[in-house]
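The sequence and the structure come before the text.

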Amino acid sequence: MSKSLIQFIIEEQRAIPGATGDFTGLVSDIVIACKQISHDVNKGALIGVLGSAGSENVQGETQKKLDIITNEIFIKATEWAGHLAAMASEEMEDIYPIPARYPKGKYLVVFDPLDGSSNIDVNISVGTIFSILRAPQGVENPVAADFLQPGTTQVCAGYALYGPATMLVITSGHGVNGFTLDNDIGEFILTHPDMRISEDTREFAINSSNEQFWEKPVQRYVEECVAGKNGPRGTAFNMRWVASMVAEVHRILIRGGVFMYPKDTKDPSKAGKLRLLYEANPMSFIVEQAGGMSSTGYERIMDIKPSGLHQRVPVILGSKNEVERIVRYHKEI
Ligand code: AHM
Ligand code: MG
């Protein structure tokens with residue numbers, strides 16, 4: 001009999017003395033949110049959800065209708081059950097405290113309800129990213145500062161990938177497991193146990209249109225890769241760029257690779273494009289748990305003490321030996 005995601009989480013929790021079932025309940029609500037988002041993304045134009053909402057989020061980015069719809073789905077699926085004290089999302093300026101009409105719990109969740117949403121109108125894979133934190137001891141009514149915990153404190157991180165199949169990949173600090181949604185029975189089934197990232201790779205992912213704005217170490221690394229067999233690496237590299245971080249990280253979990261959204265000078269007010277809490281930290285937790293590495297080029301991402309809810313950081317993650325090399329280049333130049 002195949003194992004469902006919820007069975008898997010319950011079994012994992014049983015091994016932890018004193019576990020109350022709260023965590024399992026929260027994950028199960030997140031799973032329901034992802035199933036519903038999967039449904040809406042999949043129906044697309046049939047239910048009129050494509051296109052722009054005509055609004056901007058806190059970071060000045062144009063919101064898609066689905067950015068708003070999926071944010072609402074995530075909140076509605078997780079706010080009622082008493083597992084959470086508050087949540088924060090890429091699509092909301094401030095934190096979302098659990099309304100007074102519901103019981104409060106000990107966890108915080110941060111999420112990007114529809115990452116890669118610029119891809120939605122062209123029917124390319126998008127995803128949902130989430131990270132579960134504990135509310136600080138004794139805090140019943142969290143404020144934004146309570147979310148500013150380094151990635152190392154994450155209890156759980158995961159993503160749902162809405163691709164040819166919908167998958168959910170999750171870690172709670174004991175390796176990484178992947179589940180595929182069986183639409184016939186409405187369950188995520190364990191199909192990719194103990195996912196591991198190969199230490200070496202000949203595939204990299206970066207948005208090359210930003211090359212002129214990169215720092216020297218990244219320019220050097222990419223130059224050496226594209227120089228191919230006759231270059232300093234003596235081997236041919238392949239390149240991919242989906243512009244959907246979830247799809248990118250998933251490819252790396254399946255067949256190795258390195259993903260970079262590095263520091264650049266395109267907009268000096270931004271340290272990078274990707275957000276520490278909603279994107280960089282959860283993906284770093286997953287990548288490290290699968291044996292990969294994740295850095296800004298200068299420091300381990302999960303060691304960063306966040307300074308703001310919507311803080312951005314450079315991201316370089318994937319196959320260990322390549323990320324180590326890029327970090328070394330940052331030290332050399
Ligand atoms: P989003 O959260 O607004 O969708 O932006 C994040 C996405 C990532 O999924 C992806 O890696 C990156 O933005 C692509 O950026 P670009 O369009 O600059 O290539
Ligand atoms: Mg995003």
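Predicted model: local features only at pLDDT ≥ 70, side-chain atom pairs only at ≥ 80, totals over all residues.

An N or O atom in the side chain of Tyr-261 is 2.5 Å from an oxygen atom of ligand 1, and a polar side-chain atom of Asp-115 is 2.7 Å from an oxygen atom of the ligand.

On its own, ligand 1 has 470 Å² of accessible area, and the protein covers 85% of that area.

## The shell around the ligand

The shell's contributing elements with two or more residues are the strands β5 (107-115), β13 (258-261) and β14 (274-275). In total, 17 residues surround ligand 1. Glu-90, Asp-115, Gly-116, Met-245 and Tyr-261 are the closest of them.

By residue type, the shell consists of seven charged, six nonpolar and four polar residues. Both domain 1 (5-192) and domain 2 (203-331) take part, each giving at least three residues to the shell around ligand 1.

## Helix α2

Helix α2 covers residues 22-43, which is 22 residues. From its first C-alpha to its last, α2 reaches 32 Å, close to the 32 Å expected at 1.5 Å a residue.

The residue that follows α2 is Gly-44. The phi of Gly-44 is positive, near 50°.

Notes: Residues numbered from 1 in each chain as written. Chains lettered and ligands numbered in written order. Heavy atoms only, no water. Near = heavy atom within 4 Å. Polar contact = N/O pair within 3.5 Å; in protein donor to acceptor, adjacent residues only side chain to side chain. Areas by Shrake-Rupley, 256 points an atom, 1.4 Å probe, with all protein chains shown as cover. Helix = DSSP H or I, 4+ residues; strand = E, 2+ residues; numbered from the N terminus. Nonpolar A, V, L, I, M, F, W, Y, C, P; charged D, E, K, R; others polar. Domains from an automatic or database assignment. Expected span 1.5 Å × (residues − 1).
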